[in-house]
Amino acid sequence: MSKQLIADIIFYNGSIISVDRENNIFSALAVCDNMIIYIGNNIEVKRYKGINTKLIDLRGRSLVPGFIDSHLHMAVMGANALAIDCRSPNVNSIEDIKRLVKERAEVTPKGQWIRGWGYDHTKLVERRHPTKWDLDEVAPNHPVMLTRVCAHISTHNTKSLELAGITDDRTTDISEGIYIKENGHITGVVMENAHMHAMKVAALRYEEISEALVIAGNLLIKEGITSVHDSGGYGFVQMRAFQDTIQSNN
């Protein structure tokens, strides 16, 4: 006679669709070692209960399988969580952006990157992109890169432009990207291939990518997403970080 399995988790008092030929709906489900060992009713599931079994009352809610995201940039998602959130409606002006960058500069060692994302110049009261002059004013000792919500445009301060080798003699070339100028001077706003070049210069370190992956994983789990098809973002170093993070059970 086989030994009775004891569940690690029991879900009960819910709506559990079996997805079988009859599309039966049950009220309880038991899990052991990440395997479903019982699906049925609230009464019979009790025989799988042990001293350490975690009980989850669904309170009439539906229990569904984990979702699979078919196209996701997981490290980018985590990196955004680490960066300054410049999205509307919490950010309404360039002055708001400058305040956030200044606050981050005050707690970031000199010379280290300050990154932000999600600003939309069409929703700012000034109706323009932040410029290198805006960013230099509040963070002259840090390279700063702020990526627009479209992820095809970014704006930079002087230190970031210097690291990327972007100077006033740059000309707009579709193959190289677009550099916005005022009175012959680079404003710090770059587009398309120029933005991609700047992104490579401002790329996250291995340690930052590892942290970003852990953060992204936790965010996804909270939303019921348990599997992803990752579309990259930081090249080979991201793949190594993926492997190392999984092996360390983070």
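**Entry 1: Q4**

I began with Q4, which counts as partly exposed because its relative accessibility is 39%; buried means under 20% relative accessible area, exposed over 50%, and partly exposed in between, with a 1.4 Å probe and protein chains only. Before going on I noted that this is a predicted model, in which local features need pLDDT of at least 70 and side-chain atom pairs count only at pLDDT 80 or more, while totals for chains, interfaces and linings use all residues. I also noted that residues are numbered from 1 along each chain as its sequence is written, and that side-chain values use heavy atoms, with hydrogens and water left out.

I found Q4 in the segment before β1, where helices (H or I, at least four residues) and strands (E, at least two) are DSSP runs numbered from the N terminus. Leaving aside neighbours within four places in sequence, Q4 is in contact with R47 and Y48, contact meaning heavy atoms within 4.5 Å. From Q4 to G60 I read 56 residues in sequence and 28 Å in space, C-alpha to C-alpha.

**Entry 2: strand β1**

Next I looked up the partners of β1, bearing in mind that two strands pair if DSSP finds at least two bridges between them. Strand β6 (residues 54-57) runs parallel to β1 and is joined to it by four bridges, with L55 of β6 as the bridge partner of I10. Strand β4 runs antiparallel to β1, with three bridges, and there I9 has V31 as its bridge partner.

**Entry 3: the two largest pockets**

I then turned to pockets: on a 1 Å grid over the protein atoms alone, a pocket is an open set of points where a 1.4 Å probe fits, with protein on both sides within 12 Å along at least five of seven lines, and lining residues have an atom within 4 Å of a point. The largest pocket has a volume of about 820 Å³, a volume being the space filled by probe spheres set on the points, which are joined across faces, edges and corners. Its lining has 32 residues, and A79, N80, R115, L204 and Y234 are the closest to its centre.

The second largest pocket has a volume of about 690 Å³, and among its 24 lining residues F11, L63, V64, P65 and G66 lie nearest the centre. Elements giving two or more residues to this lining include β1 (9-12) and β4 (28-32), but β5 gives the most, with three residues.
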